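This briefing concerns a strand arrangement and several contacts between side chains. Please keep the structure in view while reading.

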Amino acid sequence: MNMTKLIGIFVVIAFAQGVRAELKWEQTSVELHPTFSDKQAVAHFKYENVGKTPVHFESVHASCGCTTAQTQKDEVPPGEKGEITATFNIGGRTGTQVKTITVQTDDPDQAHATTQLTLKAVIPQLLELQPMFVIWQSGEEPKPKFITAKANKDAGITKLDVVSSAPYFTTKVDRGSVPNEFRISVQPKDTGKPTYAMLTIKTDSPAGAPTFNIAVRVMPPALSPGSTPASQAQLPAAMRRAEEPVATASPSQ
């Protein structure tokens, strides 16, 4: 009797394994190389149900809000193919970006029920700007200061346009000492009062390329402990932060 029961159990297990659903993925990792003007990077993860019963998608979640993932269908019959489309919104990001998509199905075998898909996007940097923040101390001689802009050699950039948000600062662009390099000169009219402006930097190539922003400012006079002079109180909030603010030059969309 015990042997009969044991054989029955083996038969049930073998039958269950023979009829279970199973998604076979063509690939679970995709590397993309978007161009300078691309706004999105889209990956296609193809699959096929190689099992004997339908597969149902229970959830598909991306690792961050900048990535979305969509299934073509909620149910995949045996032998049917399909794909999950993952869309990564590039925004101002550059360099190597890795995003994951977790797919959960109703496969009773936990080893196959959850699959992690990986989207890797290698995004070229259009411009490298240094320094990323330009300041003059109160009362400092209002000499021009310089920003170096190094353009990606594959972008075909021949010209930069730089516009200040405040006429208090003047700008000028010259070619650098090496190919694909530009030198941006920034100068305040004077440094007798605290002033803030945003420089908008635009390239002539490629079409549709984002602009870049860099902040420039004349610092307020040094404060004595506990004092807040009127000139300091009237500054924008961004200028009333710590004396050594951290700022980055990033593409504005």
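Ser29 stands opposite Thr118 in strand β9. The model is predicted: local features need pLDDT of at least 70, side-chain atom pairs count only at pLDDT 80 or more, and totals for chains, interfaces and linings use all residues. Residues are numbered from 1 along each chain as its sequence is written, and side-chain values use heavy atoms, with hydrogens and water left out.

**The sheet**
- Strand β2 runs parallel to β9 (residues 114–123), and 4 bridges join the two; strands are DSSP runs of E with at least two residues, numbered from the N terminus.
- The open sheet has 5 strands in the order β2-β9-β8-β4-β6, with mixed pairing; two strands pair if DSSP finds at least two bridges between them.
- Its edge strands, β2 (29–32) and β6 (75–76), each pair on one side only.

**Aromatic pairs**
- The structure holds 4 aromatic pairs, defined by ring centres of Phe, Tyr and Trp (its six-membered ring) within 6.5 Å; planes under 30 degrees apart are stacked, over 60 edge-to-face and the rest tilted.
- Trp25 and Tyr47 form an edge-to-face pair, at 5.4 Å centre to centre and 70° between the planes.
- This pair links strand β1 (residues 23–25) with strand β3 (residues 40–49), its members being 22 residues apart.
- Trp25 counts as buried at 14% relative accessibility, where buried means under 20% relative accessible area, exposed over 50% and partly exposed in between (1.4 Å probe, protein chains only).
- Tyr47 is also buried, at 3%.
- Trp25, Tyr47 and Phe57 form one aromatic cluster.
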